[in-house]
Amino acid sequence: MKLNDIDFLIIGATKSATTWLQQSAQQHPRIYMPGPELHYFSRYYDRGDEWYLSNFEEQKDRRLVGEKSNSYMDTKGAAERICQKLPDAMLIAQLRNPIERAYSDYCMLYRRGEVGRDIAQYLDPRMGAGGRFLNGGLYFQQLRAYFDRFPAEQILVVLYEDMRIDACAQLDRVRKHLKMTDDLPLRPLEKKVKDKAEPMINPTLRRLLRPLKPIVAPFRNNAGFKKIRSMAAAEVEYAPLTRELRERMSDFYATEIEKLGAIVGRDLNGWLRNGSVQ
């Protein structure tokens, strides 16, 4: 296995159903993608190419080999490293309305007990600008690093909203982008990968129990442990994304979305008005 055997990368964005896209692709018998995100060109570049390639040892005779790491979108230097190591790789960026993406990201970390209930602290541009939630949606700035280094025909931008409307059509775009010539289509994964409505242990309780996590880890798959957890779990009540906060976020992203629309050839202003795109 050599670096030039890697055909494609799904580069992000976070909370845009990229895991769903990855698992849909993994269902195809001609595609191999390792399960976990490798984050090689963003977080673990110091581990070296040998470590990176060791994650693809099971690919065997698959015709297409790729990986998915959302951190490649918003990590400074990742685009340059990918360009140096995988200059011929096909790139796929799946994007989502940045307002909805930021809220979904907040809900995920709230569910884990890693952020508090004061949503404005994280999503109001007057307080949260520069943090992961708002910065994660600066797609024009992030993609520009790739368009500056790769031919446009190597970069496919797919929208989460389009996937929800017609998953098969969007997966066919991915299939054509990867130059797949066989007759087997990419089939959409039938279920959501992550559901914020899934019952969870209260975030406050999760924070209190976090020091015990290493102790209970060996028992997580135990039937008794699962029963106790299910008794303590409930649907999480999230802080709402208010109209006022949404409007502030729309103002924050307005210029960025206009510039993004220009490079992808799409009117994306619907993201700011009603969450949809044309």
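Predicted model: local features only at pLDDT ≥ 70, side-chain atom pairs only at ≥ 80, totals over all residues.

**The kinked helix**

I began with helix α15 and listed its buried residues: Leu 245, Met 249, Ser 250, Tyr 253, Glu 256, Ile 257, Leu 260 and Gly 261. For me, buried means under 20% relative accessible area, exposed means over 50%, and partly exposed is in between, with a 1.4 Å probe and protein chains only. Helices are DSSP runs of H or I with at least four residues, strands are runs of E with at least two, and both are numbered from the N terminus.

Residues are numbered from 1 along each chain as its sequence is written, and side-chain values use heavy atoms, with hydrogens and water left out.

Where is the kink in α15 centred? I found it at Tyr 253, with a value of about 45°, in a helix that covers residues 243-264. The bend at a residue is the angle between axes fitted to the seven residues ending there and the seven starting there. Tyr 253 is also one of the buried residues of α15. Just after the helix, I noted that Gly 265 has a positive phi of about 70°.

**Rings**

Next I counted aromatic pairs and got 18. Rings of Phe, Tyr and Trp (its six-membered ring) pair if their centres lie within 6.5 Å; planes under 30 degrees apart are stacked, over 60 edge-to-face, and the rest tilted.

Tyr 103 and Tyr 106 are a stacked pair, because their planes are at 25°, with centres 6.5 Å apart. They are 3 residues apart in helix α5 (residues 98-111), so about one helical turn separates them. Both Tyr 103 and Tyr 106 are buried.

I then followed Tyr 106 to Tyr 122: their ring centres are 5.7 Å apart and the planes are at 35°, so this pair is tilted. Tyr 122 lies in helix α6 (residues 120-123) and Tyr 106 in α5, so the pair ties together parts 16 residues apart in sequence. Tyr 122 is buried too, as is Tyr 106.

I also found a cluster linked by ring pairs, including Tyr 40, Tyr 44, Trp 51 and Phe 56.

**Charges over rings**

Arg 47 lies over the face of Tyr 44, 4.0 Å from the ring centre. My rule asks for NZ of Lys or CZ of Arg within 6 Å of the ring centre and within 35 degrees of the ring normal. Arg 96 has its charged end over the ring of Tyr 160, 4.3 Å from its centre.
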